[in-house]
Amino acid sequence: MKIIISNQSELPIYAQIREQLKEQILGGQIAEGSTLPSIRQLAKEVGVSVITTTRAYSDLEAEGFIATMQGKGSVVLPKDNNLLREQYLLRIEESLSAAVETARAMGMPDEELVAVLRNLLKA
């Protein structure tokens, strides 16, 4: 697990941590069932306050990516949980929306775009 904080980013530090952890979970770099570092440990590794990492973990828990259990730490939830499924659907919708915008910008007919999607689904 790698977290890189950028002072040039417009995102607050807690949001940078949250987004990087979320991307690593969605991308499979952090497997479901994995235990995340403790809040204190992550704060020390990244060089930020405990309050900052607490906020990042709280947000991830509220979004359904992790569950925090007293004395056991924070664990990545299975991908079949409803909140996480919604995050995946949102990601798919955003990607497909971008593809539709690109296709329309180049004047591609809808049928051709659907054919491209079907080919990708077969692969």
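**Entry 1. Term and model**

I take a nonpolar core to be a set of buried Ala, Val, Leu, Ile, Met, Phe, Trp, Tyr and Cys residues joined through side-chain atoms within 4.5 Å. I note at the outset that the model is predicted.

**Entry 2. Overall fold**

I looked up the secondary structure and found five helices and two strands in the chain. Read from the N terminus, the elements follow the order α-α-α-β-β-α-α. I then checked the radius of gyration: at 18 Å it is well over the 14 Å that the globule rule gives for 123 residues, so the chain is more spread out than a compact globule. Along the principal axes, the C-alpha atoms fill a box of roughly 55 × 35 × 20 Å. I recorded that 30% of the 123 residues are buried. Of the contacts between residues at least 6 apart in sequence, 46% join residues at least 24 apart.

**Entry 3. The largest nonpolar core**

I asked which residues have the most contacts inside the largest nonpolar core. They are Ile17, Leu21, Leu42, Phe65 and Ile66, in a core of 19 residues. I listed the elements that give two or more residues to this core: helices H1 (13-26), H2 (39-46), H3 (50-62) and H4. The most comes from H1, which gives four residues. As general background, nonpolar side chains in soluble globular proteins tend to be buried together.

**Entry 4. Ile17 and Leu21**

I looked up the contacts of Ile17 beyond four places in sequence and found Ile3, Ile5, Leu42, Val46, Val48, Thr52, Thr53 and Ala56. I next turned to Leu21, which is placed in helix H1. Leu21 counts as buried because its relative accessible area is 0%, and the cut-off for buried is under 20%. With neighbours up to four places away set aside, Leu21 is in contact with Met1, Ile3, Ile30, Leu42, Tyr57 and Leu60. For the pair Leu21 and Met1, I noted a C-alpha to C-alpha distance of 8.0 Å across 20 residues of sequence.

**Entry 5. Asp59**

I located Asp59 in helix H3. Is Asp59 buried or exposed? Its relative accessibility is 16%, so Asp59 counts as buried. Apart from residues up to four places away, Asp59 touches Tyr14 and Arg18.

**Entry 6. Leu77**

I found Leu77 in the loop that runs between strand E2 (73-76) and helix H4 (82-105). Leu77 counts as partly exposed because its relative accessibility is 23%, and partly exposed begins where buried, under 20%, ends. Outside four places in sequence, Leu77 is in contact with Glu32, Gly64, Phe65, Ile66, Ala67 and Leu84. Among these partners, Phe65 and Ile66 are also listed with the most contacts inside the largest nonpolar core. I also looked up Leu77 and Glu61: they are 16 residues apart along the chain, and their C-alpha atoms are separated by 9.2 Å.

**Entry 7. The largest pocket**

I recorded about 160 Å³ of space in the largest pocket. Its lining consists of Leu96, Ala99, Val100, Met108, Leu113, Val114, Val116, Leu117 and Leu120. What classes of residue make up this lining? I found nine nonpolar residues, no polar ones and no charged ones. H4 and helix H5 (110-122) each supply at least two lining residues. The largest share, five residues, comes from H5.

Notes. Residues numbered from 1 in each chain as written. Predicted model: local features only at pLDDT ≥ 70, side-chain atom pairs only at ≥ 80, totals over all residues. Heavy atoms only, no water. Buried < 20%, exposed > 50% of the residue type's maximum accessible area, 1.4 Å probe, protein only. Contact = heavy atoms within 4.5 Å. 1 Å grid on protein atoms, 1.4 Å probe; cavity = no way out; pocket = protein on both sides within 12 Å on 5 of 7 lines; lining within 4 Å. Points joined across faces, edges and corners; volume = space filled by probe spheres on them. Nonpolar A, V, L, I, M, F, W, Y, C, P; charged D, E, K, R; others polar. Rg over C-alpha atoms; globule rule 2.2 N^0.38 Å.
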